[in-house]
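Please read them with the structure open beside you.

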Amino acid sequence: MSRYAVDPLTALQAKEQAQKLAFAPIAFQAAQSLRELGILAVLDAAGPTGLSAQQIAERSGVSEYGAKVLLDMGLSALVVTQDGDNYVLARLGHFLLHDAMTRVNMDFTADVCYRAMSHLTETIRSGRPEGLREFGDWPTIYEGLSRLPEKARKSWFDFDHFYSDKAFPELLQRIFAERPKTIVDIGGNTGKWSLQCCAHDEDVHMTIVDLPRQLALALDNAREHGFEARIQGHPMNILDDSQPLPGEADIWWMSQFLDCFSPMEILRILRRIRAAMRPDASVYILELFWDRQHFEAAAYSLNATSLYFTCLANGNSRFYHSKDMLDIVEEAGFVVAEQVDDIGLGHTLLRLRAG
């Protein structure tokens, strides 16, 4: 946290960065267009000698005007460099084109968040996800996930799965060291974690808890993979106290789930689990905490994604500081038996026991 204690910029640097921030949405769209129109791919194929604007236009099928105006913004954004009359793909441009994480993040921003973010100020004032109106009339995005436009839905799930999937191999080893027979997967989404568990251990039985529409998708996936006998559904809204949680389990699992709720809602959820679980059961929470990241870019990305939760998801959730989550865990009556950082791409795994 010491990296935030001192202003790192001189006055001149701060003014320069302010201008870049003022035009950041335009730079983002230019980078997206350079990629989508094939201009970055053309430059990548050309190698270190690069190509002239006319050559790039001919090979990408874009007008020379269009290619040049985008490439000149690309120069200012450090996406490309220039050698004489030729434009050359820069390292930043290489990652925009080839890096999977960058592609997933950009698509999520472009297809899910971009238009919605124009409602951010209104959202902060109202406490409701006002940006969600760009897609539909739902109280939260979770009710509408299956009804998002195809491109936005794909980008949403690609983003969500990219980070969680990288953590699966280590998580499976850790979870099944307890030799669980029954696992309740709360907020199971498309069922990917439950599918992974069933493929890893032929004896485990899974119960997925989720909203009815989302649960239907998860159970379809279970049937497609031949696990319908070992994956069952429990449709419910976790915030509706009139709907009971499923029966006993060896492990209660929540992956990137609690970040979808406000602090008071998290406390309610954990207290419900505490009341329903066996004394010897374990509760696992897998989360991304912005203060537990090694790289500034990771913390930056998480804090930016928190504004997606604000403006689109439900208006009151976020990626938390780890201390905030640990305080809620303690208040809910749990003790942290184990905390493991740096799983996958920056996840933290909390193993809880009833206090």
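1. T310 touches L120, T123, I124, R128, P129, G315 and S317, not counting residues up to four places away in sequence, where contact means heavy atoms within 4.5 Å. T310 lies in helix α14 (residues 296-313), and its relative accessibility of 12% makes it count as buried; buried means under 20% relative accessible area, exposed over 50%, and partly exposed in between, with a 1.4 Å probe and protein chains only.

2. On the basis of these notes: this is a predicted model, in which local features need pLDDT of at least 70 and side-chain atom pairs count only at pLDDT 80 or more, while totals for chains, interfaces and linings use all residues. Residues are numbered from 1 along each chain as its sequence is written, and side-chain values use heavy atoms, with hydrogens and water left out.

3. For the protein as a whole, the secondary structure comes to 15 helices and 10 strands, where helices (H or I, at least four residues) and strands (E, at least two) are DSSP runs numbered from the N terminus. The C-alpha atoms fill a box of roughly 70 × 50 × 40 Å along the principal axes, and 48% of the 355 residues count as buried. Among contacts between residues at least 6 apart in sequence, 66% join residues at least 24 apart.

4. Which residues have the most contacts inside the largest nonpolar core? They are W252, M254, L270 and Y308, in a core of 57 residues; a nonpolar core is a set of buried Ala, Val, Leu, Ile, Met, Phe, Trp, Tyr and Cys residues joined through side-chain atoms within 4.5 Å. Leaving aside neighbours within four places in sequence, L270 is in contact with M254, L258, I285, I328, V329, A332 and F334. A second, separate core holds 26 residues, including L215, W253, L286 and V340.

5. Strand β7 (residues 251-255) deserves a careful look, since five of its five residues are buried, so the strand is largely enclosed by the rest of the structure. In a regular strand the side chains alternate between the two faces of the sheet. Here I251, W253 and S255 point one way from β7, whereas W252 and M254 point the other way.

6. The neighbours of β7 can be traced through its pairing, two strands being paired if DSSP finds at least two bridges between them. Strand β4 (residues 182-186) runs parallel to β7 and is joined to it by three bridges, with V184 having W252 as its bridge partner. Strand β8 (residues 282-288) also pairs with β7 in the parallel sense, over five bridges, and there the partner of S255 is L286. Together with helix α13 (residues 263-276), β7 and β8 make a right-handed β-α-β unit; a crossover is right-handed if, with the strands pointing away from the viewer, the path from the first strand over the helix to the second runs clockwise.

7. A right-handed β-α-β unit is also made by β5, helix α12 (residues 212-224) and β6. Strands β5 (residues 205-210) and β6 (residues 231-235) are parallel and share five bridges, and one of the pairs is I208 with G233 in β6.

8. An open sheet of three strands has the order β1-β3-β2, with antiparallel pairing. β1 (51-52) and β2 (80-83) stand at the edges, each with a single partner strand, so one side of each is left without a neighbour in the sheet. Four bridges link β2 to strand β3 (residues 86-89), and T81 stands opposite V88 in β3.

9. Which residues of helix α5 (residues 64-76) are buried? They are G66, A67, L70, L71 and G74, and they cover an arc of only 120° around the axis, which puts them on the same side of α5; the arc is that of the directions from the helix axis to the C-beta atoms. What covers these buried residues includes α2 (24-36), α3 (39-46), α4 (53-60), β2 and β3, while the face turned away carries the exposed residues Y65 and S76. Just after α5, L78 takes a positive phi of about 70°.

10. Finally, L148 is found in the loop between α9 (141-144) and α10 (150-175), yet at 3% relative accessibility it counts as buried. Apart from neighbours within four places in sequence, L148 is in contact with F135, W138, I141 and R153.
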